[in-house]
Amino acid sequence: MQMKSPYPYWFLAPAAVVFTVMFLVPTAASFWFSLTNWDLFGFQFIGFENFVDFFHEPFLIKGMTNTIVFALLTSGAKTVLGLLLAVLLTSGLFGQGLLRSIVFFPVLVSTIGVGILFSEMMHPTHGAINVALAFFGIDGPGWLTNPKLALYSVALVDIWRGVGLATLIYIAGLAAIGNEYYEAARIDGATRFQLFWRVTVPLVRPATTTVVILSLIGGLRLFDLIWAMTRGGPGFSSDVLASVIYKQYQAGFYGLSTAGNVILFLLIACIIAPLAWWFNRKELDL
């Protein structure tokens, strides 16, 4: 029996080295330092004390709750709106090329820039949104100053910024669907809604998988937009795990913040891995 040459596997070596140095080593180091009380001059092993402290701090639990709510809200909205916009922008609409550019443009803008822009537009007194509402006799709310609205206001901005990428992915998915499926359904007397629900939605599932997973990961690890718009305020009402972790680093609680990073990593893994498995299983059933 002829032995296979190991030569092709050498091509994996550079990627394996980069992956080990840039991911495996920092990940292992994070897990280790999460079990210690450390600073720039040394560390002391304290076991799982940082994790116990994490789950006993009300504002840390609040940050975790906000993270999950924010991720589910934004990923769901991006998925639904992205699909609807993609269908609209592939229907032969007049000027659809320009409209595609307009929808995708926010993706290209710096997140920090978007955050600063909308923090000014949502100012309770001189912000453009409330000024426009006042013109029609409507008393605008404190978008970023009301603890009940702050997180959802940032979520709206994140949806506006990210729906363009979801739309682009769905447009690519729709382009891969052959016209014969629609023609066969029309011959059977399918309505427009039935074409969408029975043909488009099932056949665009690979794009849906990509959009949902990317949106969820982005929502769970979001930091820059929250920090630019509210810095987690007012109070801790719009804090997410990433902003709480950053605040702990600023305060010098390095071990606690490292434990927070580990918890965030595990949270993302525990949500994304089963979801990806479920979506892939559904695709095989088609």
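Helices (H or I, at least four residues) and strands (E, at least two) are taken as DSSP runs and numbered from the N terminus. The model is predicted: local features need pLDDT of at least 70, side-chain atom pairs count only at pLDDT 80 or more, and totals for chains, interfaces and linings use all residues. Residues are numbered from 1 along each chain as its sequence is written, and side-chain values use heavy atoms, with hydrogens and water left out.

A nonpolar patch on the surface is formed by Phe19, Phe23, Leu24, Phe31, Phe265 and Leu266, which together have about 520 Å² of accessible area. Helix 1 (13-33) and helix 13 (254-285) are the elements that give two or more residues to this patch, and helix 1 supplies the largest share, four residues. Patches are made of residues with over 30% relative accessible area and no salt bridge; like charges are joined within 9 Å, and nonpolar side chains (Val, Leu, Ile, Met, Phe, Trp, Tyr) within 5 Å. Areas come from the Shrake-Rupley method with a 1.4 Å probe, and for residues only the protein chains shown count as cover. Leu266 lies in helix 13 and counts as partly exposed because its relative accessibility is 38%; buried means under 20% relative accessible area, exposed over 50%, and partly exposed in between (1.4 Å probe, protein chains only).

Strand 1 (residues 36-39) has Thr36 and Trp38 on a covered face, and Asn37 and Asp39 on an uncovered one. In a regular strand the side chains alternate between the two faces of the sheet. Strand 1 runs antiparallel to strand 2 (residues 42-45), to which four bridges join it; strands pair if DSSP finds at least two bridges between them. Thr36 has Phe45 of strand 2 as its bridge partner, and a hairpin of two residues connects the strands.

In helix 5 (residues 111-121), the residues Thr111, Val114, Gly115, Phe118 and Ser119 are buried. Seen down the axis, these residues fall within an arc of 130 degrees (from the directions from the helix axis to the C-beta atoms), so they line one face of helix 5. Their cover includes helix 7 (150-175) and helix 11 (224-229), contact being heavy atoms within 4.5 Å.

Two salt bridges are counted, each a side-chain nitrogen of Lys or Arg within 4 Å of a carboxyl oxygen of Asp or Glu. Asp158 pairs with Lys78, the closest N and O atoms being 3.0 Å apart. This pair links distant parts of the chain, with Asp158 in helix 7 and Lys78 in helix 3 (residues 58-88), 80 residues apart. Asp158 is buried at 7% relative accessible area, and Lys78 is buried at 9%. Asp239 forms a salt bridge with Lys247, with the closest N and O atoms 2.9 Å apart; Asp239 is buried, at 0%.
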